[in-house]
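Biologist: I would like to learn how to read a model like this one. Please take me through the features in turn.

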Amino acid sequence: MSANGTWNVTVQTPMGAQSGTISVTIEGSAFSGAFTSPMMGTLPVENGQINGDQLTWTMAMTSPMPMKLDGEATVSGDTMTGKVKAGVFGSMALSGTRA
């Protein structure tokens, strides 16, 4: 099943669970999109890659502090599970469902 579309996601951060959406538009073995949340605003997906059911990407967070985020997720049907690595804060669990 394709990962294309919008996903409702939750990331377990040191500041508590942060909910938002991630949009995925597959373009061959790459994908574009954006992560949107009330706390961080809209962060464009950079270096989005897809390999089978695996997604990897980076984002440049600016609020509440500048930081590079590295994401990876596995899509299985209408669910997404993975993690986001946030510098010194380490890896944070990500879970989601198709919107």
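**Reading the model**

Modeller: Start with confidence. The chain has a mean pLDDT (the predictor's confidence in each residue, from 0 to 100) of 93, and 99% of its residues reach 70 or more. This is a predicted model, where local features need pLDDT of at least 70, side-chain atom pairs count only at pLDDT 80 or more, and totals for chains, interfaces and linings use all residues. Residues are numbered from 1 along each chain as its sequence is written, and side-chain values use heavy atoms, with hydrogens and water left out.

Biologist: Where in the chain is confidence lowest, and where is it highest?

Modeller: Strand β4 (residues 41-44) is lowest, with a mean of 92. Strand β9 (residues 91-98) is highest, at 97.

Biologist: How many helices and strands does the chain have?

Modeller: Elements are DSSP runs, numbered from the N terminus: helices are H or I with at least four residues, strands are E with at least two. Here there are zero helices and nine strands.

Biologist: Why is the chain called as compact as a globular protein of that length?

Modeller: Compare the radius of gyration, taken over C-alpha atoms, with the globule rule, 2.2 Å times the number of residues to the power 0.38. The radius is 12 Å, close to the 13 Å that the rule gives for 99 residues, so the chain is as compact as a globular protein of that length. Its C-alpha atoms fill a box of roughly 35 × 20 × 20 Å along the principal axes.

Biologist: What share of the residues is buried?

Modeller: Buried means under 20% relative accessible area, exposed over 50%, and partly exposed in between (1.4 Å probe, protein chains only). Of the 99 residues, 33% count as buried.

Biologist: Take glutamine 18. Is it buried or exposed?

Modeller: Glutamine 18 is buried, with a relative accessible area of 15%. Its place is in strand β2 (residues 16-27). Contact means heavy atoms within 4.5 Å. Leaving aside residues up to four places away in sequence, glutamine 18 touches Val9, Thr10, Val11, Thr13 and Met39.

Biologist: And glycine 82: which residues does it touch?

Modeller: Glycine 82 sits in strand β8 (residues 79-86). Residues up to four places away in sequence again left out, it touches Glu72, Ala73, Met92, Ala93 and Leu94. At 27% relative accessibility, glycine 82 counts as partly exposed.

Biologist: How far is glycine 82 from proline 64?

Modeller: Their C-alpha atoms are separated by 22 Å, and the two lie 18 residues apart along the chain.
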